[in-house]
Amino acid sequence: MSRTREITREEKIKALISSYLMPIVTLTMLVGIWEISCRFFNVPVWLLPSPSAIIARLAEFWSLLLYHTYVTFYESILGFLVAVIFAIPTSIAIAYSRMLQNTIYPILLVFQTVPKVAIAPVIVMWFGLGLESKIAIAFLVSFFVIVVNLTTGFLTAPPELIDIARLLNAKKTQIFLKIRLPYAMPFFFSGLKSAITLSIVGAVIGEFVASSEGLGYIILAAAPQLDTDIAFAAILMLSVIGLALFATLHILERIFVPWAFRETR
C-alpha cells in the first residue's frame, strides 16, 4: 500500500515538472537566447528590441500601458461573456432539434471559417467607432467556437445510454442534467478556453480598424514611428491577459469537470 502511494507521488511530481517546470525552463532559455543574440549581433532596437529593452519600456510607460490593457481586457471579457450567454441556449436548441442540426448548425460552421478581419470594417460601420464595435467583433469570434464545441459535446452523449434512461421513465430534464450535460462539459470548457483567447484577438482587430485607446491602438500607433519596443511591450501585456484568462478557465475546469482529468490506471 505504501509502495502504491510512493509511486503516485512520483507520478505527480513528474506530471508537475512536465506541465509547469519544463515550459518555464524552455521559455527562459528562449528569452535568454533572444537577449544574447540582440546584444551579440547589435540588432537595432527598431528592428527587434531585446527583452531587457522591452521590460525597460514597459516600466517607463507602465501607467499608460496599464490603462490601455484595461480597455482591451474590458472589451474582450464583455464580448466573451455575451457570447457565452447566447451560445448556451443556441447549443441546447441545436442539440434537441434535428431540423436545427440540419439547417442552422452547418451555417454556423460556415460562418466560423469566415475571417473576422475581413468583416471587422463592416462591423465598425454598423456599430460605430466606440466600444460597441470592439465588443461585437470579440463576440463574433467567440460565439461560433463555443456553439460548435458545446453542440458537439451534447451530441456525443451515447444514444444507448439515453435510450436506457427513457426506458426508466427519466424526464428530459433528468436526461439533460445527468447524461448530456456531463458529456458536454469538457467540450464546453475547451470551447471557452479557445474563445477567451480569440476574444482578445477580436478586440485587438477592432482597435486596429478604428480606435483611440486599447493595446491594439498602441501597437498601431507605434508602427509608423518605428517604436518597436513599446509595441512589443503592448504585445507582452496582451500575452499576460490571455494567459491569465486561460489559466482562470483551466482552474474552473478542474473544479467543475474533475472527471475530465482523471487518469486511467
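**Note on a predicted all-helix chain**

1. Of the 265 residues in the protein chain, 37% are buried (buried means under 20% relative accessible area, exposed over 50%, partly exposed in between, with a 1.4 Å probe and protein chains only). The model is a predicted one, in which local features need pLDDT of at least 70 and side-chain atom pairs count only at pLDDT 80 or more, while totals for chains, interfaces and linings use all residues. Residues are numbered from 1 along each chain as its sequence is written, and side-chain values use heavy atoms, with hydrogens and water left out.

2. Confidence. The mean pLDDT of the protein chain is 87, and 91% of the residues reach at least 70 (pLDDT is the predictor's confidence in each residue, from 0 to 100).

3. Overall build. The protein chain has 10 helices and zero strands (DSSP runs numbered from the N terminus: helices are H or I with at least four residues, strands are E with at least two). The C-alpha atoms fill a box of roughly 75 × 65 × 25 Å along the principal axes. Of the contacts with a separation of 6 or more, 74% are between residues 24 or more positions apart.

4. Surface. The protein chain exposes about 15900 Å², and carbon and sulfur atoms supply 72% of it (areas come from the Shrake-Rupley method with a 1.4 Å probe; for residues, only the protein chains shown count as cover). Trp46, Leu47, Leu48 and Leu226 form a nonpolar surface patch with about 410 Å² of accessible area together. Patches are made of residues with over 30% relative accessible area and no salt bridge, joining like charges within 9 Å and nonpolar side chains (Val, Leu, Ile, Met, Phe, Trp, Tyr) within 5 Å. Trp46 sits in the loop between H1 and helix H2 (51-60), and its relative accessibility of 48% makes Trp46 partly exposed.

5. Salt bridges. The whole structure holds six salt bridges (a side-chain nitrogen of Lys or Arg within 4 Å of a carboxyl oxygen of Asp or Glu). One of them joins the side chains of Arg39 and Glu35, at 2.6 Å from N to O. Arg39 and Glu35 are four residues apart in helix H1, so about one helical turn separates them. Arg39 is exposed at 57% relative accessible area, whereas Glu35 is buried at 14%. Glu35 also touches Ser50, Pro51 and Ser52, not counting residues up to four places away in sequence.

6. Salt bridges between helices. Asp229 forms a salt bridge with Arg57, with the closest N and O atoms 2.8 Å apart. Because Asp229 lies in helix H10 (residues 228-256) and Arg57 in helix H2, this pair ties together parts that are 172 residues apart in sequence. Asp229 is buried at 10% relative accessibility, and Arg57 is buried at 17%. Arg57 and Asp229 belong to a network of salt bridges that also includes Glu60 and Asp227. A salt bridge of 2.7 Å, N to O, joins the side chains of Glu253 and Lys193. Glu253 is in helix H10 and Lys193 in helix H8, 60 residues apart, and both residues are buried.

7. Aromatic pairs. There are nine aromatic pairs in the structure (rings of Phe, Tyr and Trp, the last by its six-membered ring, pair if their centres lie within 6.5 Å; planes under 30 degrees apart count as stacked, over 60 as edge-to-face and the rest as tilted). Phe40 and Phe41 are edge-to-face, because their ring centres are 5.0 Å apart and their planes stand at 90 degrees. Phe40 is exposed at 64% relative accessible area, and Phe41 is exposed at 59%. Tyr96 and Phe176 form a tilted pair, 6.2 Å centre to centre with 45 degrees between the planes. Tyr96 lies in helix H3 and Phe176 in helix H8 (residues 172-209), so this pair ties together parts 80 residues apart in sequence. Tyr96 is partly exposed at 39%, while Phe176 is buried at 16%. Ring pairs also link Phe86, Phe139, Phe143 and Phe144 into a cluster.

Conventions. Contact = heavy atoms within 4.5 Å.
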